[in-house]
Amino acid sequence: MFARFFAPLSSGVKPAFAAFLLLSSVLLTSCGDKNGDTVFFPIENDLQLGMQVSQQADSLYASKGQLLDRNSPNPRTRAAYAHLDQIVERILESGQVTYRDEFPWDVKIIDDKNVQNAFATPGGHIYVFTGLISYLDNEDQLAGVLGHEIAHADQRHSIKQLQKQYGISVISGLILGSEAGGLERVITQAGGQFLGLKFSRDYEREADEFSVLYLGATDYYACDGAAGFFQKMQALENRGTPPEFASTHPAPGNRIQDIQAHARQRGCKTETASNTGFQEFKRNLGL
Ligand SMILES: [Zn+2]
């Protein structure tokens, strides 16, 4: 759902960064990413963009007093972070995350009980709202949604979308030389359009499939944990209170069946992991 953080990017972007982002794409010829798609932007752009977006997210939520400090003097908050880190670590150690070592994969908790959402910025900064943790029944569901978000970052979905929308015309405009302020205007337009960004259904499907792949390879979580998450989201929709997640994600619909079918195909374990300490994790967050 990180689309909203592209909005401030439009007004607050540093020209130097804009130049870096765009010039890198000009100077580097197509560097295929590890998964075969041709991406003209190097992963340094994911990292740069991610840093910028996460700094904006941090300052936004810190200003509202909602960004939980992982070094809090409160031992329960620190314990909650240790638990969340462990879930993320299991996914990263699945051996299936392409940029496991290149991206930071830090995770932060935003204490807003009204928001059932999680997101990852490009370059792998992960955010989870307490409203989501509170609403989920078990750790498989949380691992499922984390796997989905990690996949968006690891598969470079936003940078690919940026490239699709602005690639050739922006690059050729730069080569021909744009007038003063041109770079900033391009980024402003990009920011404006990202405000309403939804990933394509293909990217959503891909993120769902990777979630199954990651969780299955942890040998710990039910690999269809994301299906459990979508069932919970669907219940909210049915009650007429669509979660914030729904604003940037297509309705669950057959995604639940697709995830379960994918799990069956892989033959990975779908029993809910027990004794995960998920309830204690919630209690430590006051949920
Ligand atoms: Zn998604």
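Q: What makes up the secondary structure of the protein chain, and how are helices and strands defined?
A: The protein chain of this predicted model has 13 helices and five strands. Helices are DSSP runs of H or I with at least four residues, strands are runs of E with at least two, and both are numbered from the N terminus. Residues are numbered from 1 along each chain as its sequence is written, local features need pLDDT of at least 70, side-chain atom pairs count only at pLDDT 80 or more, and totals for chains, interfaces and linings use all residues. Side-chain values use heavy atoms, with hydrogens and water left out.

Q: Why are S3 and S4 said to stand at the edges?
A: The three strands form an open sheet in the order S3-S5-S4, with mixed pairing. Strand S3 (106-110) and strand S4 (118-120) each have a single partner strand, so one side of each is left without a neighbour in the sheet. Neighbouring strands of this sheet are turned by 15 degrees against each other on average, direction ignored.

Q: What makes S5 mostly covered?
A: Buried means under 20% relative accessible area, exposed over 50%, and partly exposed in between, with a 1.4 Å probe and protein chains only. Five of the five residues of S5 are buried. On one side these are His125, Tyr127 and Phe129, and on the other Ile126 and Val128, which covers both faces.

Q: Which strands does helix H3 touch, and what is called a contact?
A: Contact means heavy atoms within 4.5 Å. Helix H3 (residues 43-63) packs on the sheet, touching S3, S4 and S5, and its direction makes about 30 degrees with that of S5. Axes are lines fitted to C-alpha atoms, for helices over the stretch in contact, and angles run from 0 to 180 degrees between N-to-C directions. Helix H4 (residues 75-92) lies across S3 and S5, at about 135 degrees to S3.

Notes:
Two strands pair if DSSP finds at least two bridges between them.
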